[in-house]
Amino acid sequence: MFKGTRFYLEVLAISSLFYLPGSFIIYMVVQVALLIQNLSVILCAVVLMLLFVYETKITILWNGWMKIVCYTFVIIVGVIADLASTAMSIAIQRDWIIVVAGDSDKLSSNYHSSFEKIQSLG
């Protein structure tokens with residue numbers, strides 16, 4: 001057996017522990033983005049429901065500033081939900097282009113440029 005073979009096998013074994021295939025990473029990105037989006041929408045709905053139900057009590061707090069804080073919170077959480085939705089759609093779009101193109105870089109770039117042209121029209 002060669003002298004460096006054991007070291008090479010050890011490095012290969014350790015690196016394979018940390019290697020995650022691209023489709024798994026994209027799957028995780030989509031899952032996290034979907035979770036953030038859903039939790040943000042639920043949080044917005046709950047805050048708006050509480051704001052509409054207890055509007056008179058909330059308006060009295062801090063001379064009406066609590067109502068402004070609640071609306072600002074809803075806007076910020078809504079933006080977070082929109083960003084998560086955008087991240088999810090980007091991850092999904094990039095994934096199917098890679099799957100269709102396979103290992104061919106030229107084909108992948110052609111699909112990608114065609115997709116960008118189609119997307120800019122819509």
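Residues are numbered from 1 along each chain as its sequence is written. Because the model is predicted, local features need pLDDT of at least 70 and side-chain atom pairs count only at pLDDT 80 or more, whereas totals for chains, interfaces and linings use all residues; side-chain values rest on heavy atoms, with hydrogens and water left out.

**Overall architecture**

The chain holds five helices and zero strands, and its elements follow the order α-α-α-α-α from the N terminus on. Helices (H or I, at least four residues) and strands (E, at least two) are DSSP runs, numbered from the N terminus. Of the 122 residues, 18% count as buried, where buried means under 20% relative accessible area, exposed over 50%, and partly exposed in between (1.4 Å probe, protein chains only). The accessible surface of the chain comes to about 9,600 Å², and 73% of this area belongs to carbon and sulfur atoms; accessible areas come from the Shrake-Rupley method with a 1.4 Å probe, and for residues only the protein chains shown count as cover. With contact defined as heavy atoms within 4.5 Å, residues 24 or more positions apart account for 53% of the contacts in the chain with a separation of 6 or more.

**The nonpolar core**

The largest nonpolar core has seven residues in all, namely Cys44, Val47, Leu51, Ile58, Cys70, Val74 and Val77. Such a core is a set of buried Ala, Val, Leu, Ile, Met, Phe, Trp, Tyr and Cys residues joined through side-chain atoms within 4.5 Å. The elements that give two or more residues to this core are α2 and α4 (65-101).

Ser40, in helix α2 (residues 22-53), counts as buried because its relative accessibility is 7%, and beyond its neighbours within four places in sequence Ser40 is in contact with Val77, Ile80 and Ala81. Val77 in turn touches Ser40, Leu43 and Cys44, with residues up to four places away in sequence not counted. Cys44, also placed in helix α2, touches Val74, Val77 and Gly78 under the exclusion of residues up to four places away in sequence, and the C-alpha atoms of Cys44 and Phe73, 29 residues apart along the chain, are separated by 8.2 Å.

Leu51 lies in helix α2 as well. Leaving aside neighbours within four places in sequence, Leu51 is in contact with Ile58, Lys67, Cys70 and Tyr71, and the C-alpha atoms of Leu51 and Cys70, which are 19 residues apart along the chain, are separated by 7.4 Å. Although Cys44 and Cys70 both belong to the core, the count of disulfides comes to zero, a disulfide being a pair of cysteine sulfur atoms within 2.5 Å.

The table lists the relative accessibility of selected residues.

| Residue | Relative accessibility | Class |
|---|---|---|
| Leu51 | 1% | buried |
| Cys44 | 12% | buried |
| Cys70 | 13% | buried |
| Lys67 | 21% | partly exposed |
| Glu55 | 35% | partly exposed |
| Val46 | 37% | partly exposed |
| Trp62 | 56% | exposed |
| Asn63 | 75% | exposed |

Side chains of opposite charge can pair when their charged atoms come close. Lys67 lies in helix α4 and Glu55 in helix α3 (residues 55-60), so the pair ties together parts that are 12 residues apart in sequence.

**The loop and the surface patch**

Trp62 is found in the loop between α3 and α4, and its phi is near 55 degrees, a positive value in a residue other than glycine. Asn63 is placed in the loop between α3 and α4 too, and phi of Asn63 is likewise positive, near 55 degrees, in a residue other than glycine.

On the surface, Leu35, Leu39, Ile42, Val46, Met49, Leu50, Val53 and Tyr54 form a nonpolar patch with about 760 Å² of accessible area together. Patches are made of residues with over 30% relative accessible area and no salt bridge, like charges being joined within 9 Å and nonpolar side chains (Val, Leu, Ile, Met, Phe, Trp, Tyr) within 5 Å. Val46, one of the patch residues, is found in helix α2.

Definitions and conventions:
A salt bridge is a side-chain nitrogen of Lys or Arg within 4 Å of a carboxyl oxygen of Asp or Glu.
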